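User: Please take a close look at one strand in this model. I would like its surroundings first, then the chain it sits in, then the wider assembly.

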Amino acid sequence: MQEGSVQEAHVHAPPGGFLRKYVFSLDHKVIGKQYYALALVAVFTGMILSWLMRIHMVWPNAKIPLLELFSKNGAPGGVMTPEYYLSLLTMHGTLMVFFVLTNAPFAAFGNYFLPIQIGAEDMAFPRFNMMSFWTTFVAWVVLMLAFFIPDGPPIAGWTEYAPLSAVGKDAGPGMQWGASLWGISIAIFCVASLLGALNFIATTLDLRAKGMTLMRMPLCTWAWFITSCIALLAFAVLFPACILLILDRHAGTSFFIPGGLVISDRLQPHSGGSPLLWQHLFWFFGHPEVYIAILPSMGIVSHILVNSMRKPLLSARVVIYSMMSIGFLSYMVWGHHMFVSGMNPMSSLAFSFPTLTITIPATVLTLIWLGSLYGSNLQINSASLFALGFISMFVAGGVSGFFLAQPSIDIYLHATYFVVGHFHLVMGVASLFGVFAGTYFWFPKMTGRMMSEPLGKLHFWITFVGAYCIFMPFHYLGLIGNVRRYQSFVDDFMAPYIGWHKFVTIAALITGAGQLVFLYNLIYSRFKGRPAPENPWNATSLEWSIPSPPPWNNFGGKHPIVYHDPYQYGVKGSKGDFVMQDSPEHVVAASGD
Amino acid sequence: MSSSIAAPISSQANALPPNEAAARVTPSARRTSSSGIWVGVFAITMSFAAFTSALFVREGTADWSHLVLPPILYVNTLFLLASSGTLEIARRNLRAGAGMPKAGAWVALTLLLGLGFCAGQYRAWLDLREQGIYLATHPNSSFFYVLTSMHALHVLAGLLALAYLAYRLAIKQCVIRRTIFDNTAVYWHFMAVLWIYLLLLCRMKL
Amino acid sequence: MGKLLAIVLVLIAVLSAYPIVAHMFVLPEDISTHGHAIDDQLHETMLEAGLSFVGAQIVLAVFVWGFADRKKGSQLKNFPGGAKVAVIAAFVLVGTEVLALGVLGQEAWAEVYFTPAKPNAIQVQVQAEQFAYYFRYAGPDGKFGAIHPDKIDEGNQNYFGLDPANEVEARDDIVSGELVVPVNREVQLLMHAKDVGHSFYVRELRLQQDFVPGLDLSVHFTATKTGKYEIVCTQLCGLGHYNMKAYLNVMSEEDYEKWLKEQAAQ
């Protein structure tokens, strides 16, 4: 009986053939880039959807000719129908949460850099990894199909509450095959994510190089590892929920549909189901999901900040424990999405305490980031600008959570624009800032070329100022009781505030246009960017010890040995004010006296 | 080097002289795939926990009925438990030389028993159908069909792994990595444990 | 560019705080008995959240200003106290905040949810459906007729599926498209969803509660000021969700009795 050694188990021959090299690659780096590309397509789609929504909201009778070409039912004469607004809203949320915020910070960067940062040649299960990506891709195709069926995409929001989502076509347009495609797509996505999470966990536990103890892993690796633990549990619960929903829709079961419902003048042939059951199952997944969206960016930002500051964080260990606490607590708070849902009001109080408590590790992280900046030697570049912007956005989005965590305040603010402002800032924008920071930081390593710094800075300023202009007003609008998920405002109550919505729409269009700067930078630099050295940022973690771009087997067949944690900055190293993780040189503290 | 700090913040605790650093444990392929299978088992457990909680929520409603479990389920249980036994016997035969095809035969027997289980499950569904009890007849039957079919799907995956194992051992008679056998065994035994749980759940609650 | 970032951060902090501090967005007037507790809590939270937000942005700005793009040869320093300070500050600051807000918050929540409706509260049944609200009063006999989903007939305005022909209690039930209540009297809403999930939200009442199909939910409130207030749906219920609204019409006691009599006469 032969024992396999780690190298033997995971060595795969250098890829040959176009399909194996670029399409069905087993190489985690290619897979990471594939996830990134998918996220890029999804984010631009989601962004365009938001433009359409915002334009329609403030100019409900606006004619958008291209839209009619795309969907005659949805926009007859180019004017968006109310139901199509809800379709776009549903697809915007679904694309952004699943295919952007789970894909980009976690699957894309994690796949590319986790193995390298722990000194491994590839992920533990390269075949599963390839399957994860292509399964995700299939999920995306199934979802996008909803745009092209006559009835259109579903109108129940990315949360697809039952019984609206469960009864089928009586519930409204898009709720026949549109909603079914949604359910199938997300179920497939769950399987893909579970496979991915499994890979990350096994890789992190078992494929670390010599000397790479858990505590010596970079903070972004820690974040990916914790995120994959969260994802494993969360998607394992969403999958059954989707199965039960599909059965209610197509097999006549009544998991989520009670009896006696009259919809479209038809008494529905179901009984006994519980709409709240869907909400519990969905949010048991849904809340950890938002931490899946933000944790990797926290790790990426921490990692980049240290490099930019030329000085370690006050304590990497505390950052790791904080991220772990956030992961743990994330499973205890889901009911805060359901304070006024009709569940037992005692439960609401119970959920509010862990929700408020999760502020503690989040505050610890923020204070450590801020405190570490003190006395640092902060280098400003596109990556560090986005990392600093992340801190600003995370705080801005996080403090509105203080309000929503309290059930009594939530009575007033639930389902208003206050909530929309909160989650966009803290999840959408902050998480994307982490992705942007990671892109500017790691692009040289991934492509062997530098991105344009001036364009990067331009992108930062447009996005930073623009995002505040878009999402800060949402909080004010929520305070006066502006209800969400309305296609436009038809009542006098909102009339005095339409001006603010117009401001937001214009800001959204400009900020969106600014993202084209990023896209251009990405594409131009890929082909014409200045060639990048192996370690353009004088960074310490293992990815900077290999060529840019890395060879197919990362370390060229060698086995790296790790001697330090990855945050040896501000020291007297042979190459400068840093010592790389795989450098056996003793760390000499630059003497302070 | 011009910039300096008063004391190196985190390096003291972690910097080791080179020879000590290199002496840390080297991971092995066995641990990787083993981690993988246990993580997978954990995820599947969570999914069935979600189904269980759905059952508990649904249980309280007025249309909750009662389902008499088809007796063949107990026969199927015996088949599944026996298949775990045969797999363990196969393990004992796993040694180079004559042991390989013997082990392969026992694995093939495991596979057959597993197929027997699946056939028996199908028979159970047919039994219910003959009584006019379908997926949507009442919530109890809904849960029964969902739980048993979800379990059966996972068993099918296990059957594929067993088939591959039997083929490698009995027909190609080549040496396999110990880990492949171990992981398949973990998964297969988990299918039995999960089934016992589901059977008890259905019996007590449905 | 670090200095520019610092300036922009301060500007953002100030500009974001301005609309709040300048009372540009004022909560709609509170016409409920329990609302003051919610408003107080909201203002308290605004203070803490506002200070945290502005404080953090300014600290970030100051540190970026002070430590970005420094001259070569600048000395690296550590924040005095290091990580310990951060952890203690987080526990103390947030811990007290959690205690304060979490414990304080119970009062308003309890008033809405843990105090039962008074025995003499006026009971009104609210049915939410795609895309309207209908309100039912029990009429002089004080009893509600049963709901029969199979008898619902929108064309004949039998929204609740009542069967007055066969049920005595249903005969005097008053059905209205408007929620008419007397001022300063407690009202108990019996909430029923006909089709999918909806929600009942009156901003001025500081009241919001989802309708759950299949569940009998109720809330109670006392309106303290006459006038007409919007009831809007906040739970996505289909294509007409944006237009699903009714009015809460708070009248004086005499006007309310008059209205009841008029409705009963029909």
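Analyst: Start with strand β6 of chain C, residues 198–202. This is a predicted model. In β6(C), 5 of the 5 residues are buried, so the strand is largely enclosed by the rest of the structure. A residue counts as buried here if 20 or more other C-beta atoms lie within 10 Å of its own.

Both faces of the strand are covered. C:His198, C:Phe200 and C:Val202 point one way from β6(C). C:Ser199 and C:Tyr201 point the other way. Each of these residues is buried, whichever way it points.

Now the partner. β6(C) pairs with strand β7 of chain C, residues 207–211. The sense is antiparallel, and the pairing runs over 5 bridges. Within it, C:Ser199 stands opposite C:Asp210 of β7(C). The two strands form a hairpin, with 4 residues between them. One residue in the turn is C:Arg206, and it has a positive phi of about 50°.

Step back to the chain. Chain C has 5 helices and 10 strands. Of its 266 residues, 42% count as buried. Contacts between residues 24 or more positions apart make up 71% of those in chain C with a separation of 6 or more.

Next, the neighbouring chain. Chain C is in contact with chain A through 87 residues of chain C and 86 of chain A. On chain A, the elements that each supply at least two residues to this side include α5 (82–100), β1 (262–263), α10 (275–309) and α17 (453–479). Also among them are α12 (345–357), α13 (359–373), α14 (382–404) and α15 (407–413). By class, that side of chain A has 55 nonpolar, 26 polar and 5 charged residues.

Last, a word on confidence, for chain B. Its pLDDT averages 84, and 83% of the residues score at least 70. Within chain B, helix α4 (residues 72–92) has the highest confidence, at 95. Helix α2 (residues 18–22) of chain B has the lowest, at a mean of 39. Over residues 1–27 of chain B, pLDDT stays under 50. The model has 70 contacts beyond four places in sequence for that stretch. Where pLDDT is low, predicted coordinates should not be read in detail.

Terms used
Residues numbered from 1 in each chain as written. Chains lettered and ligands numbered in written order. Predicted model: local features only at pLDDT ≥ 70, side-chain atom pairs only at ≥ 80, totals over all residues. Contact = placed C-beta atoms within 7 Å. Nonpolar A, V, L, I, M, F, W, Y, C, P; charged D, E, K, R; others polar. pLDDT = per-residue confidence, 0-100. Buried ≥ 20, exposed ≤ 12 C-beta atoms within 10 Å, placed from the backbone. Pairing = 2+ DSSP bridges.
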